Amino acid sequence: MAEETFLSDDFVRRLTAVGEVDILVAVPTFNNRGTIEQVVNAVQLGLVKYFPRERIVLVNPDGGSRDGTPEAVRNSAIQDFRTMLSSTPLRTIHRITTTYGGVDGRSNAWRVILAAADLLRAKACAVVSPDLESITPEWIEGLVRPVYREKFDLVTPIYHRHKYDGLLVKNIIAPVIRAVYGTKVREPAGGEMGFSGRLACHYLEQNVWHEEFVRAFTEIWMTTRAITDGFKVCQSFLGPKIQARAPSQQNIVTTIQKAVGTLFRCMENQEAFWISRNGPPQPTPVFGFEYSSGLEPRRLNKKKMLAMFQNGVSQLAPVLESILSPEALRQIHGVSQQNEKQFRFPEGLWVKTIYEFAASFHHSVINREHLLQALTPIYRGRICSVVMEDHRADAEQIEQNLDALCREYENQRPQLVEKWTRKA
Amino acid sequence: MGELILDTLRGTLGSFYNALVLFLPRLLSMLVIMAAGFLVALVLKIMVRRIFSIASFRKYCDSAGLTQMMRKAALPPPVEFLGQVVFWVVWIVFIVLGIDALGISALREQISRFFMFLPQIFVAMIVLFIGLLIANFFSRATLLAAANANYPSARLLSSLVRLLIVIFFVTMALEQIGLGRHVVLIAFSIAFGAVMMGTAIAFGLGGRDVARQVLEKQFLQKGSSEKDEDISPL
């Protein structure tokens, strides 16, 4: 069993009182009073509807909320299930709230959840975000069933997203994982996940929880680790993801630093797995019925993005010189000279740029934080181009464009390996 | 009268000749020592380069990140740097010995002072080296932060940060070797104050409109700037 000193005595006592469970669902929170009741109710309904006979626990690691979130979790209860479901609960759903400390809450919450799964010998686990406005009971089925009934080890989500949403995942994270690790996962950094008890123990046993990159973006590490260690991975369509806390309020520079930094560090740590891997990427089974629905339109300020790209490329020339090859830098300068109407950031150049950033990160040509910060203006340029290209595109056309981008990542993979293994 | 002048001239020339006869061998010795020192330093530099290349010192420096650190401080690679240090240290020692061979007592005193001074110079050099590294790091951090915030004069700002840090460390280095302790401190204070005051005046007078725009953007037009969303991070 893994180290459990980070769990409070009270939490361990309450877990022990519950005994063994079949399913563990966790909702890590921090000041989510506005949405938490809806999320907990959806989780309960999903569990009663789809897993009425199983032994279940709902774990709520809280990061020290001051708005009464843990109380809301404890008190939220559906008085009469018959008004919503044809079935009624056969067992009690245990609810345990605990607090986790530390500066970097995200990874600590994950650790608490994994340790609880380990102690309770849970067969299947699911984690959902606390700020979801679009969660339905079917999400729980989508995350738990592939593990509990189909014996998969990891379930990553697929969301129905607006075409301008999730652009970092679509343009860097997912295609790099597909090309480098050879596994098609559309949302490797989603806040929702399903996993087996076996995989939870495996994660917990890894001596990486003190590592900055794991703490920065635990989900990316978990996804890549499951792939490299031979666990069965699948995806589950959950529907539209609408969060109460708008993602645009987060800082793009910090998010790139965390997400892309974690991805590059994972590539470094798991180099032995992917460097000599050959062959096309393997498809990942998808559960659930994929549908599309109208989503709230999003407006992006193309002019601002383009101006920030052009200014960034011109101002950061001395930094970019030490990261990119002269050829790539020349091409990026060429792209930055285009006016708004003609502006296009070719996908070939984009992939080349990302791979050169990855290799330079690996060789530490400059401070790694600085290197990741230097990617932001170029990313804005690429996104500006994507927004312009996809302006009138329908869902099918967008899927085709994304697939073409992924294939470009796969085609340029040998260049990545060559640059990665080349001596600095 | 004429004879007296001639005698004086003869005497002066004689003593000059004697001094010259005594000094020339010393001068020659000094030149020989310096030339020999140059050759010895050159040979040692080549030897150091060869030895460290054979012992794959370069590889070790690369893996330890020393090469990158020196590159960041605009210094040559470690092997080259070591060779240069050995060359200059050996040659300076020979130059000092050569000057000593001249036998000028005042110079001798200065030379002994110089040798006493060497450790302080060494510490000052280290201070400067660290200063260059820090200046480089912070100027790049400023450049990136300013460029990502779409600040138009990011490079200027970054250069200013670099300059200030370099000035600060040069001041520290000079203080370390005891050069005009108070003068340096006062000069630094005046220079720093002048830069800050100049910036404030320049921004206040020349950039009134920009300042107003910045403040308005920050506090008054928040609603309108939110109309167009930025990229969603994930």
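Let's start with Asn311(A), which touches Ala147(B), Asn150(B), Tyr151(B) and Pro152(B), leaving out residues up to four places away in sequence; contact here means heavy atoms within 4.5 Å. Asn311(A) sits in helix H12 (residues 302-315) of chain A. Helices (H or I, at least four residues) and strands (E, at least two) are DSSP runs, numbered from the N terminus. With a relative accessible area of 14%, Asn311(A) is buried, where buried means under 20% relative accessible area, exposed over 50%, and partly exposed in between (1.4 Å probe, protein chains only).

A word on the ground rules. This is a predicted model, in which local features need pLDDT of at least 70 and side-chain atom pairs count only at pLDDT 80 or more, while totals for chains, interfaces and linings use all residues. Residues are numbered from 1 along each chain as its sequence is written, chains are lettered from A and ligands numbered from 1 in the order in which they are written, and side-chain values use heavy atoms, with hydrogens and water left out.

Now step back to chain A, which splits into domain 1 (9-287) and domain 2 (302-421); the bounds come from an automatic or database domain assignment. Taken over C-alpha atoms, the centres of these two domains of chain A are 30 Å apart. Across the boundary, 28 residues of domain 1 of chain A are in contact with 37 residues of domain 2 of chain A. Together the two domains of chain A bury about 2,900 Å², 67% of it on carbon and sulfur atoms; buried area is the accessible area (1.4 Å probe) that two parts lose on being put together, summed over both. Asn171(A), Gln257(A) and Phe264(A) supply 21% of the area that domain 1 of chain A buries against domain 2 of chain A, more than any other three residues.

What about charges? Between domain 1 and domain 2 of chain A the count is 3 salt bridges, each a side-chain nitrogen of Lys or Arg within 4 Å of a carboxyl oxygen of Asp or Glu. Elsewhere in the list of salt bridges you'll find Asp403(A) with Arg178(A), their closest N and O atoms being 3.2 Å apart.Domain 1 of chain A gives two or more residues to the side touching domain 2 from each of helix H6 (167-181), helix H10 (252-269) and helix H11 (271-274) of chain A.

Finally, look at the backbone of two loops. Most residues other than glycine have a negative phi. Ser364(A), though not a glycine, has a positive phi of about 50°, and lies in the loop between helix H15 (347-362) and helix H16 (368-389) of chain A. Arg121(A) also has a positive phi of about 50° without being a glycine.
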